[in-house]
Amino acid sequence: MEKSSVTGIFVTDDVALISCECKECDPYFVYKILNLISPLNIKSGMVTTSFIPSKECKVTFAINQNMLISALKALNDIKDIFLTVNGMNTKISIVGNGLSDTEFIVKNILDPLYDCDADIKLITTSPSEISLVLSQSKTDMFLKCLNHLIN
């Protein structure tokens, strides 16, 4: 198994989260949302969905705050959805090798998150990247908690 290591931590300020929720579950809901925002050339990189058949569908994605109004106008075309917007966030991307190792993630990233009382709003993972969206007010404190990863 590949040894886990972090090669960089990247910070993106001024990130907003948009959640779109539909109480009448539509199997094409995610497609409809992404199809409406794709012409805006919004670079999200973070999208999460939940789909409960016969109950609800939810899509949450991160965008740069300066694209927020454009995204909301585009989403206005879908009827019967509930939109939630959460602004003033930072996206932190931790990149490296072997980042799918659960023990490494818990010990080196999630435990420090807990210790720093970070208000994580969204987290996505891949074998080479972990991205988190958290309140901008917690960014400096959380980055200090991660210093041990790149020393």
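Which hand does the link of Cys116 and Cys145 have about the S-S bond? With -90 degrees about that bond, the link is left-handed.

Welcome to this structure, which is a predicted model: local features need pLDDT of at least 70, side-chain atom pairs count only at pLDDT 80 or more, and totals for chains, interfaces and linings use all residues. Residues are numbered from 1 along each chain as its sequence is written, and side-chain values use heavy atoms, with hydrogens and water left out.

**The disulfide**

- A disulfide is a covalent bond between the sulfur atoms of two cysteines.
- Counting a pair of cysteine sulfur atoms within 2.5 Å as a disulfide, the model has one disulfide.
- That disulfide joins Cys116 and Cys145, with 1.5 Å between their sulfur atoms.
- Cys116 sits in the loop between helix H3 (102–115) and strand S5 (120–126), while Cys145 belongs to helix H4 (residues 139–145), so the pair ties together parts that are 29 residues apart in sequence.
- Helices (H or I, at least four residues) and strands (E, at least two) are DSSP runs, numbered from the N terminus.
- Cys116 counts as buried at 5% relative accessibility, whereas Cys145, at 23%, counts as partly exposed.
- Here buried means under 20% relative accessible area, exposed over 50%, and partly exposed in between (1.4 Å probe, protein chains only).

**Two other cysteines**

- Cys22 is buried at 8% relative accessibility, and Cys57 is buried at 1%.

**Around Glu21**

- Glu21 is part of strand S1 (residues 5–22) and counts as buried, at 15% relative accessibility.
- Its side chain makes a polar contact with the side chain of Lys23 (3.0 Å).
- A polar contact is a pair of N or O atoms within 3.5 Å; within protein, one must be able to donate a hydrogen and the other to accept it, and residues adjacent in sequence count only if both atoms are side-chain atoms.
- Leaving aside neighbours within four places in sequence, Glu21 is in contact (heavy atoms within 4.5 Å) with residues including Phe29, Cys57 and Asp80.

**The buried face of helix H1**

- In helix H1 (residues 29–37), Phe29, Ile33 and Ile37 are buried.
- Seen down the axis of H1, the buried residues fall within an arc of 55 degrees, so they line one face of the helix; the arc is that of the directions from the helix axis to the C-beta atoms.
- Among the elements covering these buried residues are S1, strand S3 (56–64) and helix H2 (68–75).
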